[in-house]
Structure formats: C-alpha cells, structure tokens
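I opened this structure with a notebook beside me and wrote down what I looked up, one entry at a time. Come along and check each entry against the picture.

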Amino acid sequence: MTPVPASLLGPLDLVGAVARLLNGADSKAAIGLVADRLRHGVPAEKVTIWVRQPSGASFVPVISPAPPVAPFPLAGLDALPPREPGGLRVALEHDGTPVGMLDLEGVGDGPGREAVGIVADLLAPHVALIELSEDLAFEVAVRARQIEEQRRFTGLVIDSLPVGLYVVDRDYRIQIWNRKRETGTQGVHRDEVVGRPVFEVLTRQSADQLKGEFDQIFESGQMSQMDIEVEDPNGERFYRISKIPMRLDGDRISHVITIGEDVTEWYRIHRRIMQNEKLAAVGQLAAGVMHEINNPLATIGACAAALEGRLPEVDASAQVAFREYIEIIDKEVERCTNIVDGLLEFSRPKDKEKSPVAINAVIQDTFFLLKHHTRFKKLTVERELTEDLPQVKANAEQLVQVLMALMLNALDAMEAGNGTLTVRSRMGGHRGEEVLVEVQDTGVGIPRAHLTKIFEPFFTSKPQGRGTGLGLSICYGIVEDHLGRLEVESQPGLGATFRVYLPALP
Ligand SMILES: Nc1ncnc2c1ncn2[C@@H]1O[C@H](COP(=O)(O)OP(=O)(O)OP(=O)(O)O)[C@@H](O)[C@H]1O
Ligand SMILES: [Mg+2]
C-alpha cells in the first residue's frame, strides 16, 4: 500500500489514525507512533510529547524525529523552555490533573492544525493510564518487597528461638522447620523435610501415636504440653513438648505448632530442691528422735554389761546360751548407736568449722585411712591428681568422711580382687571454676530406677545388716553445706562415677 501524504488528509483522518494507534497498543510505544503521525499529519518539524512519570516527579519527552542522544526528563512542566515562535503547545490534562504536554515546533499551514486539540484530548487519558498502570506495578513491587521483608523478619525470629519449632498442616505435612531443629544430633535440614508428612521425618514415635496427638489438637483446639525424657550420648535429657493450635482464617484449626524446649537444667534443679527438702525434713525428725533413743540404748548397753558380769552366778549349762544372747544385744545396740550417730551427723552437718583446704591432701588422708582395709588391698587403685589446684573452703574431716563413704561404696560395688578404683582431682563444673573430685569404680553400677533414690536416707540395696543407707545422704548434706554439688553418673554393669564439685577459693 502506498502511503497517502499526511498533509493531504483532513483533520478527521488524522484523529482517526491517532485513535487507532492508541487503541489497545502498548502504552509507551504508541505514544512514539502518535508523535510521528502528528509530525507528518499536522505537519510539524518536531513533535515532543511530555509524559508524566509514575512517581509524578518528572516528565519524560517522547520526540519525533527521534533525537540521536536520549533527552533529559523535566522536573516539572514549568521548567519547559518558552514556546518556539510558530510552535503550538497543548497541555494534556486528565481529571483536572496535568499529565503531560504536547509540544509542536515549526508547525506548517495544513488542515492538521485543527486536529491537535482533539489529539491532545485522546492522548491525555492514555498517558494517565500508563502512569496509573506503572504506579500500580510500582506499588505491587513495593508491597511484594515489604511482604518479603516481613517474611524474612518472621523467619529470623523463628530461627533465633532457643527452642525447636515445627508446624504441620491438616495433611500432617511439615510447613515450617526452624533452625534449632536443624542442629543437634537429631537435626535434619529443612530442605529435606518441608512438604513431607511428619511421620516420615519423626520416627521415634509410631505414626499412629503421633497422628493421635495432632488429631487431639485439631479436634479440641486446646494446647497440650508434656515432658519427655530422651536418651542422649551425654546422659539423659528432658524436653517439654508443647502443641499449639493455629487458625489461618475462620474457626477451623489449620495448623499445629510444636515446640520442644530443653528443660534438663530445670529438672536437675527441681530434683535437687526436692532432695534438699526431703533431707531437711528427715534431719529435723532425726534430731528430735535421736536423744530419745540414745538414752535407752545406753541403758540397754549398761544392763547387758551388768548381766555379763553376773554370768558366773548362773548354771554352767545356761551360761553358753546367755553369753550368746548378751553378744547379740551388744551387737544390735552397737548397730543402733551407729545409725543414731549417722543421723546425728546427717542432721547437723552445719556447725563444723571451715578453713582453706587443699583437696589433694584430703584425698591422701582418705587413702591413708583406707590403706589397711583388707578389701582395699585387693583392688587396683588409680590416682590422677592435678597439682596446684586452688584451695577450697571446707572442713577437712567432713570431706574425708565424704570421700571415705564414696570409696567404701565403690569397694562394695566391685568384686574382691577384680576392679579398678580411680580417684581424680581437677578443675570442673559449669565454667571450670569448681574443684572437682571424681570417684570412679568398675563395679556393678546403679540401675536407672535407683539413680534418683540413692541419696535418700535409708535407701540401700545391701543385705540387711550390711548397709544403713545413710552414707550418701550424709555426703549429700555435707557437700551442700560446703556450697557444692554431689552428682552421680552410672552405666549399669560397667560402674559408677561420683563427682564432688566444690567452689574454688580465689
Ligand atoms: N559405687 C556404687 N556402685 C553401685 N551402687 C552404689 C554405689 N554407691 C552407692 N550405690 C548404691 O546406693 C545405695 C545407697 O548408698 P549409701 O552409701 O547411701 O548406703 P549404703 O552404702 O547402702 O549403706 P551405708 O553407706 O549407710 O553403709 C547403695 O546401697 C547402693 O545400692
Ligand atoms: Mg555407703
């Protein structure tokens, strides 16, 4: 088709052509075409269409003929250079707002002149629309960035929590898995779990059991909480597991948040408090009863001695039996006296004087006292004493008593002639600020079920008449009184280790 020279067309044809260009065409490109069309159709030497930018802060020129170098935008329409003589300028307004300017230079004398006003009316809404759609795109982008930032922020909060956290949806699929759940021995990276059914990931519990727990939350809408005990290579750990219902919208529960918090330390402290309370109660009771028992015991002992003195007065045939009875009375009185003494010790560990003591000297003293014990001679004894340890503020006699009780227990736990007793001294504790004495044996060990009971007064696994069950509870009281801790670790069958922590003197 041969193009008809524009200048020969009527103004209506020019308007029609512009309308077609603008109709449905891609916004900005269309404005360039309109500028060309006007230049030919009016005709004019140069046509510039100033288009307001979405930000509203500047006006960008679309120029025909296209200049060799990209022109600068204008800060505002007032900044336009004065109109050229022989030029034509029409503001583009939409809903009373200036959205641009139509600027023609070197306008010829064709009929197209009359079309310029109408073309401006057609152009204005188009320019406004570009602005609007670009504004919208801009806003959407800003909003998306805000949402992304918000998401990152929330993610960081969840990842910074010192608790394990994961979220499942109604299909039991994992949706969120926080950083804490990625670390540790059981840790799995989130990329491996998000989107998968929780039963495939958490296999310690049976799928049925786990499903039941989630269903209960989905149905009841109530949060649940329970404590579990987990075997860990470094000893038992306790976790408080909370399941919290979450509603995305409406009343229906859409997700369940599960939080696992390590409460091992809390448990330890709680146990110690319980232990201390129990010991205090027993101590009070014991103190009250002891004097009541001591006197009758002394009387019984004295009577037995008197009877023994008068044995020759009875029949020779009865003498043998009577002597035996008196021996039994003596032995049992002695046993009772020992128990009462033990209780006395236990109820009053507090009034002993303390002074700076070198722990290694205490250990040596204990060994000296035990040296003559026949069973002690048949053992392998290892000493690993760290030199130059800080002193501790203690009553040396009481500390000897503690170590003696621990070592005698160790002896009892090992078969004669077969076992190793190791005594160590070193720095230890939470920040390595405590002096630590370890008494380790290779004996029978302590069953899990007994671990919490052995410090209780009168708990013993030894045959009747052998142990009173007071040894460890006395140790416990003494160590507490020294502001220290007495702890035990044991693998049944392999042995036990008792640790005495005492605060080091500066
Ligand atoms: N080293 C150990 N190895 C295995 N079990 C131990 C050890 N130390 C203590 N126990 C257990 O703890 C219990 C309580 O100890 P504790 O010293 O308080 O009492 P006892 O030794 O039985 O009696 P007592 O010390 O009053 O003669 C023991 O009966 C034993 O079951
Ligand atoms: Mg004992």
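**Entry 1: a hairpin**

I began with E7 and E8, which form a hairpin with six residues between them. In the turn I found Gly235, with a positive phi of about 105 degrees. I keep in mind that this is a predicted model. Strand E7 covers residues 224–230 and strand E8 covers residues 237–246; they run antiparallel and are joined by seven bridges. Looking across from Met226, I found Ile241 of E8 standing opposite.

Then I followed E8 to its pairing with strand E9 (residues 255–262). These two also run antiparallel, with eight bridges joining them. Here I noted Tyr239 opposite Asp262, which belongs to E9.

**Entry 2: a sheet of four strands**

In what order do the strands of the four-stranded open sheet lie? I read it as E2-E1-E4-E3, with antiparallel pairing. Strand E2 (59–64) and strand E3 (88–94) stand at the edges with a single partner strand each, so one side of each has no neighbour in the sheet. On average, neighbouring strands of this sheet are turned by 20 degrees against each other, direction ignored.

I looked at one pair more carefully. Strand E1 (residues 46–52) and strand E4 (residues 97–105) pair over six bridges, in the antiparallel sense.

My reminder to myself: most peptide bonds are trans. Pro65 has its place in the loop between E2 and E3.

**Entry 3: a sheet of five strands**

Next I traced an open sheet of five strands, in the order E11-E13-E14-E16-E15. The pairing in this sheet is mixed. Which strands stand at its edges? They are strand E11 (380–385) and strand E15 (485–491); each has a single partner strand, so one side of each is left without a neighbour in the sheet. The twist from one strand to the next averages 15 degrees. I also saw H10 packed on the sheet, where this helix touches E11, E13 and E14. The direction of H10 makes about 165 degrees with that of E13.

At one end of the order, E15 and E16 run antiparallel and are joined by seven bridges. Across from Leu486 stands Val500 of E16.

**Entry 4: the nonpolar core**

I kept one general point in view: in soluble globular proteins, nonpolar side chains tend to be buried together. The largest nonpolar core here has 38 residues. Val402, Leu403, Leu406, Val439, Cys475 and Val500 touch the most other members. Among the elements that give two or more residues to this core are helix H10 (359–370), helix H12 (396–413), strand E14 (434–441) and strand E16 (495–503). H12 gives the most, with seven residues.

Leaving out residues up to four places away in sequence, I found that Leu406 touches Val439, Cys475 and Phe498. Another core, of 32 residues, lies apart from this one, and Val15, Ala30, Ala44 and Met101 are among its members.

Is H14 mostly covered or mostly open? I found it mostly covered, with nine of its eleven residues buried. Among the buried ones are Gly471, Leu472, Cys475 and Tyr476. Just after H14, Leu483 takes a positive phi of about 65 degrees.

How many residues surround ligand 1? I read 22, and the closest are Ala413, Thr460, Gly467, Gly471 and Leu472. H12 supplies the largest share of this shell, four residues. The shell divides into ten nonpolar, ten polar and two charged residues.

**Entry 5: two positive phi values**

Last, I looked at two loop residues. Asp388 has phi near 60 degrees, a positive value in a residue other than glycine. Asp388 sits in the loop between E11 and E12, and it is exposed, because 6 other C-beta atoms lie within 10 Å. Phe458 is not a glycine either, yet has a positive phi of about 75 degrees. I found Phe458 in the loop between helix H13 (448–451) and H14. Phe458 is partly exposed, with 13 other C-beta atoms within 10 Å.

Methods. Residues numbered from 1 in each chain as written. Chains lettered and ligands numbered in written order. Predicted model: local features only at pLDDT ≥ 70, side-chain atom pairs only at ≥ 80, totals over all residues. Core = buried A, V, L, I, M, F, W, Y, C linked by C-beta atoms within 7 Å. Buried ≥ 20, exposed ≤ 12 C-beta atoms within 10 Å, placed from the backbone. Contact = placed C-beta atoms within 7 Å. Near = placed C-beta within 6 Å. Nonpolar A, V, L, I, M, F, W, Y, C, P; charged D, E, K, R; others polar. Pairing = 2+ DSSP bridges. Axes fitted to C-alpha atoms, helices over the stretch in contact; angles between N-to-C directions.
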